[in-house]
Amino acid sequence: MAVITISRQVAALGDEIATAAAKELGYTFIGRKDIEKKIVELGFPAEKMKKYDERKPGFFASLAKDRDEYLDYLQLAILEAASKDNCILIGRGAFVILDGLPNRISLRFVAHDNIRMERLKNEFDWNDKQARQRIEESDNNRLGFHKSFFNMDNAESSHYHLVMNTGLLDIPNAVRLIKTLKESYITPEKEIEGKKKIEELLKAQKLVNTLVFDYKLNINFLHAVINDKVVTLQGVADSSALVEKALTIAEKMLPEYKVESAISVVQDFKAYP
């Protein structure tokens with residue numbers, strides 16, 4: 001199995017290339033609406049999606065507990081999608097969430113602003129001002145989204161295996177490059193290692209979501225890491241009793257693992273206003 005993640009500028013043909021590449025490779029294309037639907041199905045309120053979904057949260061939204069809940073649901077949705085074998089995931093920070101997977105290929109599609117403007121004008125019958133505003137809004141939102149949730153710059157080329165300029169490359173050429181890269185880079189060994197890693201990441205995120213949403217444990221910034229049959233819980237709690245409860249639940253959920261705590265206990269800790 002292989003997982004291809006795509007980051008793209010607006011009007012850089014990211015969705016079009018992803019769709020064509022999925023057809024050529026026989027992969028499943030998982031687009032924006034698919035991930036959005038899955039996040040809501042998992043439990044995040046649909047009415048709150050517009051505050052966070054691939055956009056920079058407003059000031060108060062960035063401080064609200066909803067922000068962390070959205071991230072937990074987003075990570076689970078991405079990991080569940082990636083666990084279903086060969087797929088192409090677009091947007092939503094998938095390249096960050098799946099960073100470190102040996103069977104992942106991370107791509108980014110860009111184009112000069114003038115080319116993007118012409119595409120938008122032709123598609124929506126917009127004038128220069130409207131097209132420019134859409135580009136600036138989209139670029140700022142996507143940068144703000146990645147800064148807020150992952151503390152990184154999505155435009156930095158070092159995050160990707162390959163960055164393609166779709167002002168110079170058409171869709172068939174881009175698809176051929178993706179196919180060649182996949183065939184030369186993804187080995188059977190990487191597929192085996194990647195499948196194991198995704199299973200561990202998915203178990204860890206399911207544990208976090210269970211502790212936070214089912215048991216409603218008030219542990220802020222809760223995160224779980226699985227390494228060599230050891231599960232380590234990280235975060236901030238206001239009592240040792242809360243930590244012990246989390247450990248007990250984790251041990252029951254994952255009896256085949258040793259469970260350890262790296263949760264900081266800070267009395268009277270308040271993460272949100």
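Start by selecting Glu-80, which lies in helix α5 (residues 65-82). Helices here are DSSP runs of H or I with at least four residues, strands are runs of E with at least two, and both are numbered from the N terminus. You are looking at a predicted model, where local features need pLDDT of at least 70, side-chain atom pairs count only at pLDDT 80 or more, and totals for chains, interfaces and linings use all residues. Residues are numbered from 1 along each chain as its sequence is written, and side-chain values use heavy atoms, leaving out hydrogens and water.

Is Glu-80 buried or exposed? Glu-80 counts as buried because its relative accessibility is 13%; buried means under 20% relative accessible area, exposed over 50%, and partly exposed in between, with a 1.4 Å probe and protein chains only.

Now show the surroundings of Glu-80. Leaving aside residues up to four places away in sequence, Glu-80 touches Lys-38, Leu-42, Leu-202 and Lys-206, where contact means heavy atoms within 4.5 Å. With Lys-38, the link is a polar contact between the two side chains, at 3.2 Å. (A polar contact is a pair of N or O atoms within 3.5 Å; within protein, one must be able to donate a hydrogen and the other to accept it, and residues adjacent in sequence count only if both atoms are side-chain atoms.)

Next, select the five strands of an open, parallel sheet, in the order β2-β3-β1-β4-β5. Two strands pair if DSSP finds at least two bridges between them. At the edges, β2 (28-30) and β5 (162-165) each pair on one side only. Zoom in on β1 (residues 3-8) and β4 (residues 104-110), which run parallel and are joined by six bridges. There, Val-3 stands opposite Arg-104 in β4.

Finally, move to another open sheet, with three strands in the order β6-β7-β8 and mixed pairing. The edge strands β6 (220-227) and β8 (258-265) each pair on one side only. Strand β7 (residues 230-237) runs parallel to β8, with eight bridges joining them. End at Val-236, which stands opposite Ser-264 in β8.
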